[in-house]
Amino acid sequence: MADTEKKSLADRLGLKVHSGVGNAGWGRTLFAGVISFVYFFPVLWIILTAFKTHNDALAIPPKFIFTPTLENFVSVFSRAYSAGAVAQDTGFALYFFNSVFIAGTSVFLALAIGTLAAFGFSRYPLRGNDTYLFIILTTRMLPAIVVIIPIFLMFRVAGLSGTYIGVILLYTAFNLPFTVWMMKSFFDELSPDVEDAARIDGSSDRRVFFKICLPQVKAGLAATAVFGLILTWNEFLFALLLTGVDTRTVPVAMAQTIGGDIGVRWGLLAAIETLFLIPVIVVTFILQNHLLRGVTFGTVKR
Amino acid sequence: MSTIEATSLTKNFGSFTAVRDVDLSVGQGEVVCLLGPSGCGKTTTLRMIAGLESVTEGEVRIGGKLMNKISPEKRDIAMVFQFYALYPSVSIGGNIEMPLFRAGLSAAERRREVARVAGILQLDDVLDRLPGQVSEGEKQRAAVARAIVRDPNCFLFDEPLSRLDVELRHSMRGQIKEVLSGLSKATVIVTHDQLEALTMANRIAIMRDGMIEQIGTPHEVFSKPRNIFVAGFIGSPKMNLFEGRFSSLSGDMATIELSAERVTIPVPSAVSNMQGETLTLGVRPRALEPVDSPNQHSLTGQVELIEPMGAETLVHVRDESDQDLRVVVPRHIKVIIGEVLHLACDLSQTHIFDGKGLAVR
């Protein structure tokens, strides 16, 4: 109802009403489209390459029109390692499982631990609260390459090298500082009145946390999960040194695909990457609404 | 026993004293309003009574029992918050039900209690909705319902109506008053809206800078303000205050020299030994009346601004010493801008304040 009133008012005032393209008008919409295309082009190129034969992928000038083939996707999972040999299982099914399992578990653990820690930092501040928060963040200030050797040596001594537990623990520790900081800012934004009301009503701290606070930061959980997932999913350096044959993740396995008797198989590589993109895109898409609300949290309120 | 008593209540936040030496007692079935401008410490006082803020010095007693160290849920109080503080992820019905869990009632009993208060506050239709899906008025009523459902010993309201629009505020004021009068509990209401305080309270405590300036019935604080602050704060439009010098006294009639003119008004005998001192004369806008010719009780000025208020008209008059004078005249009296008005004081409604700002009676 308000909409029709608005429109008729605009009409009466002789204002221009843009339709279909928001309020920005065609020019700006087109401009945004061009910029988006520039950003998306590398991804598009990878996806196109995944459907090309080896010759098409190497053709100069690059081909945009070609006969698509699925052979690259087949050879992701099973291919002959030398010309004329019998096709073998490449183990990529396992590597995909490893990536999903390791990333999923560590993000979940980081969320579970980090959210509780963040609630503590937000609601029961310690003397020198900010100092502790800062210290937590310092663990992310060293470049990975600096800490990788000591961690590798420690993992070997502790027998964690090449195990799921080892790499999951490491990724969890990796995600925690970010999770704590993100979630603390979300908890800080909540109205303290609601918790005061709950205390007067006699609700226990646990009830306050699970029934009242947690549902209010759903958007924050989603945003934190997606960021953590992207970080973990794409991690290469630690995975390269700390995963074994059975626990190898896709980025590492992908790197090991490069090389062989016919040079870099771009089509195969692009097919792996295309498959590798799917889970992150799906998760981000599912959480999209939460995500937008999550990253803009606190900007429009009350 | 449903009573609240605060004795020499003080609250420091670091070096800042938010509440200083507040004494307040609320009897059974009595409604006391804490009224004052923002930042005067009224909400802090309420939160100390609720146990949400620790007490720096002094005592809080509820039902005669010392409560200083007792946590809020054990004080047997219910509080309605300024922004309602409904649990956003729980339905309206679930919100009202929340305080009942602690009482250990069965699910059926809880449902019955929720239905009972929902009936009182006309919330039956919205029990299944989330707080984000109901109107402001319904949120307000849900907050009140959640407060009364458990039958607590006393009630605390923090600016309960400040978020409602004018019309809704009117009807809710009546509704809350009705609900409270049926319950006969000690109630404290914090508000910055004097109309709310005047209409809802049995007694009003006016606060400034963390201290109580005056406690009294709505009638008392209006007709006998204890000092200049209360005189200026209570009553709308604001009381006119003139600084002047007490020059002479004959009988009970005193002559006061204001900056531009002099008036002769009856004064209480306590004024007699103040001869020659400066004092402040207070006259409410409704105690001034336009007259045809100047007399010894009248002030003179030029009409500067006219604000029709419906039944009455508020006229701003500027006197010779450039002081703004507010006068409320009945609607049928027509004035025009620039007109010179002689305004006679209602001699029974003048207030005298001494040099320290205290009322002289």
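Where does Ser184(B) lie in chain B? Ser184(B) sits in the loop between α5 (166–183) and β8 (186–191) of chain B. Helices (H or I, at least four residues) and strands (E, at least two) are DSSP runs, numbered from the N terminus.

## Basis of the model

This is a predicted model: local features need pLDDT of at least 70, side-chain atom pairs count only at pLDDT 80 or more, and totals for chains, interfaces and linings use all residues. Residues are numbered from 1 along each chain as its sequence is written, while chains are lettered from A and ligands numbered from 1 in the order in which they are written.

## Backbone features

Ser184(B) is not a glycine, yet its phi is positive, at about 55°. Ser184(B) is exposed, with 11 other C-beta atoms within 10 Å. A residue is buried if 20 or more other C-beta atoms lie within 10 Å of its own, exposed if 12 or fewer, and partly exposed in between; C-beta atoms are placed from the backbone. Tyr84(B), not a glycine either, has a positive phi of about 70°. Tyr84(B) belongs to the loop between β6 and α2 (92–97) of chain B. Tyr84(B) counts as buried because it has 22 C-beta neighbours inside 10 Å.

Pro61(A) is in the loop between α3 and α4 of chain A. Pro237(B) is in the loop between α8 (228–233) and β11 (240–250) of chain B.

## Chain A: fold and domains

Chain A has 15 helices and two strands. Of its 302 residues, 29% count as buried. Among contacts in chain A with a separation of 6 or more, 74% come from residues 24 or more positions apart. Two residues are in contact if their C-beta atoms, placed from the backbone, lie within 7 Å.

The domain assignment gives domain 1 (21–89) and domain 2 (92–295) of chain A. Such bounds come from an automatic or database domain assignment. The C-alpha centres of the two domains lie 29 Å apart. Their contact takes 15 residues from domain 1 and 13 residues from domain 2 of chain A. On the domain 1 side, α2, α3 and α4 of chain A each give two or more residues. α4(A) gives the most, with five residues. That side divides into eight nonpolar, six polar and one charged. Ala, Val, Leu, Ile, Met, Phe, Trp, Tyr, Cys and Pro count as nonpolar, Asp, Glu, Lys and Arg as charged, and the others, Gly among them, as polar.

## Helix α14 of chain A

Helix α14 (residues 266–286) of chain A has 21 residues, which at 1.5 Å a residue should span 30 Å. Its end C-alpha atoms are 30 Å apart, in agreement. The expected span is 1.5 Å times one less than the number of residues. Buried residues in α14(A) include Gly267(A), Leu268(A), Phe276(A) and Val283(A). Their cover includes α2 (26–50), α3 (54–58), α4 (71–77), α11 (218–233) and α13 (250–257) of chain A.

## Interface and core

17 residues of chain B are in contact with 14 residues of chain A. On the chain B side, strand β6 (residues 77–80) supplies the largest share, three residues. By class, that side has 14 nonpolar, one polar and two charged residues.

The largest nonpolar core has 152 residues. Such a core is a set of buried Ala, Val, Leu, Ile, Met, Phe, Trp, Tyr and Cys residues joined through C-beta atoms within 7 Å. Cys33(B), Met79(B), Ala145(B), Ala205(B) and Ile206(B) touch the most other members. Not counting residues up to four places away in sequence, Ile206(B) touches residues including Leu35(B), Val221(B) and Phe233(B).
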